[in-house]
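Subject: Structure handover and notes

Hello,

Here is the structure you asked about, with my notes below it. Please keep it open while you read.

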Amino acid sequence: MSGRDPFCQPRRIRRGAALTLMFASVLVAGAATGSLPQAERKSAPDEARSATPAGHHADVARAAEEAMADGKSPMEAAKRAVSRSGDRWGAVYSRGEYEEFEESLDGQYTGVGLWARSERDGRIEVTKVRAGSPAAAAGIRPGDLLRSVDGHKTDGRPVTEVVSLLRGDATDAPAGTTVRLGLERGTRAWTETLRRAQLSTDSVAVRNVAGPVTVIRVDTFTKGSGDQVREAVRQAPTGGGIVLDLRGNSGGLVTEAVTAASAFLDGGLVATYDVDGEQQALHAEPGGDTTRPLVALVDGGTMSAAELLTGAVQDRGRALVVGSRTFGKGSVQMPSRLPDGSVAELTVGHYRTPSGRAVDGRGITPDLEADEGALQRAETVLRGLAGPSS
């Protein structure tokens, strides 16, 4: 989910891992799970939720309805139906899990500001603490072990369960409620009572380096991130170039990725996709900056909506792509509500780049391969594209 964040090196992906990324700004499974996918959609959650079930959506809904009629768990029946369907990206979420998912895509979450990972021995280690968060105010540091949450031991628990405890899912705990953490640092063991807060995911970060080069890093495409990219391009120093750093970007809202593409394209095609066999197209808005030198930086953790954006700027000759082959998730998921309020997120189609390249299972090959020192390589290439400074 590597020195930057725990989601740089993709490995085998499971549903629990997918769910974990939805809560990545609270607690992230790290070395044990690798790069984690975030469910993709072609529209905002409220728009997607109104979709009429079709194809294997209908099969999953039928299985849930029959289970409910028999007094069995609709959610468990739906999970079995998804498993039988062969949909590698399909998943079923409880009502609470899905609400939190939507909250995370809105760029906000309720939590304490911890990143962590599951160690090989099952212990949960804090890997990062958000500045200004309740966890930071309590003095919690990277490397601390999280041993319990509200008296529940965390050792050996799936990270998704630890996340649920931290967020207070069982009681739908809002911001302002307290959570008691058992912590360990070396030989010291202690407890801290934290008050949950509403926090921002801050998925876009911008910095300027010598050259002049502006590095725009996008961790995931949450609500508003596309406009943040466009604003960063507008504010970039005149005469300089841009590195669009999409390494480890797990995807997110496709609409936001298209808005980000609009920062660099003057209208035109971004991608095509099909939903239950019906062909659709995504277009950039006109008026983007088409002259400033651009390098897109990617790796094996660049997924889904981030791959869509990469393919668009590469196919249209707008950017030089530097790094390593991207993950290869080129599918579109849409949700449908099940009888018990749980939600099935199922694959309904696949997208292609403007030139017609399929991404799913293949990924995007960079124009220039780079692994170690990829960012420095991208900056060097960008200065070459920009030419000598005046």
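How many of the residues of α10 are buried? Of its 11 residues, 10 are, so this helix is mostly covered. Before the details, please bear in mind that this is a predicted model.

Confidence

The average pLDDT of the protein chain is 81, and 84% of the residues score at least 70. The exception to keep in mind is residues 1–54, where pLDDT stays under 50. For that stretch the model has 178 contacts beyond four places in sequence.

The buried residues of α10 are A305, A306, E307, L308, L309, T310, G311, A312, V313 and Q314.

The loop between β15 (294–298) and α10 (305–315) holds S304. This serine has a positive phi of about 55 degrees, although it is not a glycine. Is S304 buried or exposed? S304 counts as buried, because its relative accessibility is 0%. Just after α10 comes G317, with a positive phi of about 65 degrees.

Another non-glycine residue with a positive phi is D150, at about 50 degrees. D150 sits in the loop between β5 (145–149) and β6 (152–153). D150 is partly exposed, because its relative accessible area is 33%.

In soluble globular proteins, nonpolar side chains tend to be buried together. The largest nonpolar core here has 42 residues, and the members that touch the most others are I216, F221 and V270. Which helix gives the most to this core? That is α10, with six residues.

F221 can be followed contact by contact. Leaving out residues up to four places away in sequence, F221 touches L246, N249, G251, G252, L253, E256, A257, A260, A305, A306 and L309.

Another core, of 20 residues, lies apart from the largest one. Its members include V129, A135, L165 and V179.

Helix α8

In α8, the buried residues are S225, G226, V229, R230, A232 and V233. They lie on the same side of α8, because they cover an arc of only 160 degrees around the axis. Which elements cover these buried residues? Among them are β10 (204–209), β11 (213–218), β12 (241–245) and α9 (254–261). The face turned away from the buried side carries the exposed residues R234 and Q235.

Salt bridges

Side chains of opposite charge can pair when their charged atoms come close. The count for this model is 16 salt bridges, and a few are worth looking at in detail.

Helix α8 (residues 225–235) has D227 and R230 three residues apart, about one turn of the helix. Their side chains meet in a salt bridge, 3.1 Å from N to O. The two partners can be told apart by accessibility: D227 is partly exposed, because its relative accessibility is 42%, while R230 is buried, because its relative accessible area is 19%. The cut-off for buried is under 20%.

E231 and R234 are also three residues apart in α8, about one turn of the helix. The closest N and O atoms of this salt bridge are 3.0 Å apart. E231 counts as partly exposed at 33% relative accessibility, and R234 is exposed, with a relative accessible area of 56%. Elsewhere, salt bridges that share partners join R217, D219, D245 and R247 into one network.

The salt bridge between E76 and K79 has its closest N and O atoms 3.4 Å apart. About one helical turn separates E76 and K79, because they are three residues apart in helix α4 (residues 74–85). An α-helix has 3.6 residues a turn, so residues three or four places apart point the same way. E76 and K79 are both partly exposed, E76 at 37% relative accessibility and K79 at 29%.

Regards

Notes:
Residues are numbered from 1 along each chain as its sequence is written. This is a predicted model: local features need pLDDT of at least 70, side-chain atom pairs count only at pLDDT 80 or more; totals for chains, interfaces and linings use all residues. Side-chain values use heavy atoms; hydrogens and water are left out. Helices (H or I, at least four residues) and strands (E, at least two) are DSSP runs, numbered from the N terminus. Buried means under 20% relative accessible area, exposed over 50%, partly exposed in between (1.4 Å probe, protein chains only). A salt bridge is a side-chain nitrogen of Lys or Arg within 4 Å of a carboxyl oxygen of Asp or Glu. A nonpolar core is a set of buried Ala, Val, Leu, Ile, Met, Phe, Trp, Tyr and Cys residues joined through side-chain atoms within 4.5 Å. Contact means heavy atoms within 4.5 Å. The arc is that of the directions from the helix axis to the C-beta atoms. pLDDT is the predictor's confidence in each residue, from 0 to 100.
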